[in-house]
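This briefing is intended to be read beside the sequence and the model. It is arranged by topic.

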Amino acid sequence: MVKYFLGLNELKSSWDQVFAAFWQRYPNPYSKHVLTEDILYREVTIDHKLLTRRLLTKTNRLPRWAERFLPANVAHAVYVLEDSIIDLHKKTMTTYTWNINHSTVMSVEERCVYCENKDNKNWTEVRREAWVSSKVFGFSRPIQKTPRVIEFGLARFKSNVTKAMKGYDYILARMQGDIPARTLVETAKEATEKAKETALAAKEKAKDLASKAATNKKQQYV
Amino acid sequence: MNSVGEECTDMKREYDQCFNRWFVEKFLKGECSGDPCNELFQRYRHCVLKAIKDKEIPVERIEFMGQSKDKPESSDGS
């Protein structure tokens, strides 16, 4: 069984900014589920198209009821391939993304087309289609209903789309200078950590001095 | 962003930096002759392909945009 999804999103930046940001999307505050990113293949064709294949590793948090479908020794990370074509003449970017492991339990395929918004050239439209399927059938529900694993897959997909768009907006804002490279929260967090470390070091030093002083005292008695 | 092969991350960052500059300054402006980052890419790619082999990640023999071509446009698919 395959569940189909269609969604339209708008990015409030021009197509060239969006395409440039596409290669700098990770990491961002909304991409904690993306662990690694690699470029496996890249080619510029004679008609000015850029072809790229990326490999992404993502976390695969499953609800407990779904974990039984995975063998205990199987790696939990999901490997995802993302092929893309940027067509400079048409000002479009087409991406096709799908998982290459755990696909018996759940397969998510996504195709996105990014293009200039016809009414506002400073905006970019994203047309997103996805197909969520599973070869595992739910036992607890009548067969005509959507298996639980697909419902879960679709819900997680939608939540990841929201994160992806938020992340995209964040990177676009940063590239346009609206957000400093390091957020205030990050800076504050780091300062707290450093303060803790300093306090700890001071405490250790004090202990050390105290013990030394004690030793000296003892020596005085001798 | 980190590479799947920890030992490749530095090479990847170096390549990414080169690519992103080329993409904005040349490719998007329609200047596509020459690839100044190819050497960096080959070095990084060699590293990452080895890591992929070691981790047995099944990336081989998959056609570019492969399965996408079989997908019907805007069907409900079920």
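The structure is a predicted model, in which local features need pLDDT of at least 70 and side-chain atom pairs count only at pLDDT 80 or more, while totals for chains, interfaces and linings use all residues. Residues are numbered from 1 along each chain as its sequence is written, chains are lettered from A and ligands numbered from 1 in the order in which they are written, and side-chain values use heavy atoms, with hydrogens and water left out.

**Terms for space and secondary structure**

- Rolling a probe the size of a water molecule over the atoms shows where empty space is left.
- On a 1 Å grid over the protein atoms alone, a cavity is a set of points where a 1.4 Å probe fits but cannot get out; a pocket is an open set with protein on both sides within 12 Å along at least five of seven lines, and lining residues have an atom within 4 Å of a point.
- A volume is the space filled by probe spheres set on the points, which are joined across faces, edges and corners.
- Helices (H or I, at least four residues) and strands (E, at least two) are DSSP runs, numbered from the N terminus.
- Ala, Val, Leu, Ile, Met, Phe, Trp, Tyr, Cys and Pro count as nonpolar, Asp, Glu, Lys and Arg as charged, and the others, Gly among them, as polar.

**Largest pocket**

- The largest pocket holds about 860 Å³ of space; 42 residues line it, and His33(A), Lys58(A), Val80(A), Phe157(A) and Asn160(A) are the closest to its centre.
- At least two lining residues each come from strands S3 (49-58), S4 (78-87), S5 (92-99) and S6 (107-116) and from helix H3 (148-175), of chain A.
- H3(A) supplies the largest share of this lining, nine residues.
- By class, the lining of the largest pocket has 19 nonpolar, 13 polar and 10 charged residues.

**Second largest pocket**

- The volume of the second largest pocket is about 300 Å³.
- Its lining has 14 residues, with Leu40(A), Arg45(B), Leu49(B), Val59(B) and Glu60(B) nearest the centre.
- Strand S2 (34-44) of chain A and helix H2 (38-54) of chain B each contribute at least two residues to the lining of the second largest pocket, and the largest share, four residues, is from H2(B).
- Nine of the lining residues of the second largest pocket are nonpolar, five are charged and none is polar.

**Cavity**

- One cavity of 30 Å³ or more is found in the whole structure, and the largest cavity contains about 40 Å³ of space.
- The largest cavity is lined by Trp23(A), Glu37(A), Ile39(A), Arg42(A), Arg54(A), Lys12(B), Asp16(B), Phe19(B) and Asn20(B).
- Helix H1(B) gives the most to this lining, with four residues.
- The lining of the largest cavity comprises five charged, three nonpolar and one polar residue.

**Chain B and selected residues**

- Chain B has two helices and zero strands.
- Of the 78 residues in chain B, 37% are buried, where buried means under 20% relative accessible area, exposed over 50% and partly exposed in between (1.4 Å probe, protein chains only).
- Glu56(B), in the segment after H2 of chain B, counts as exposed because its relative accessibility is 69%.
- The C-alpha atoms of Glu56(B) and Phe23(B) are 31 Å apart in space, and the two residues are 33 apart in sequence.
- Ser107(A) belongs to strand S6 of chain A and counts as buried because its relative accessibility is 12%.
- Leaving aside residues up to four places away in sequence, Ser107(A) touches Asn99(A), Trp131(A), Val132(A) and Ser133(A); contact means heavy atoms within 4.5 Å.

**Backbone geometry**

- Most residues other than glycine have a negative phi, and most peptide bonds are trans.
- Tyr26(A) and Pro27(A) are joined by a cis peptide bond with omega of about -5 degrees; Pro27(A) sits in the loop between helix H1 (15-22) and S2 of chain A.
- Lys91(A), although not a glycine, has a positive phi of about 55 degrees, and its place is the loop between S4 and S5 of chain A.
- Arg61(B), also not a glycine, has a positive phi of about 50 degrees and lies in the segment after H2 of chain B.
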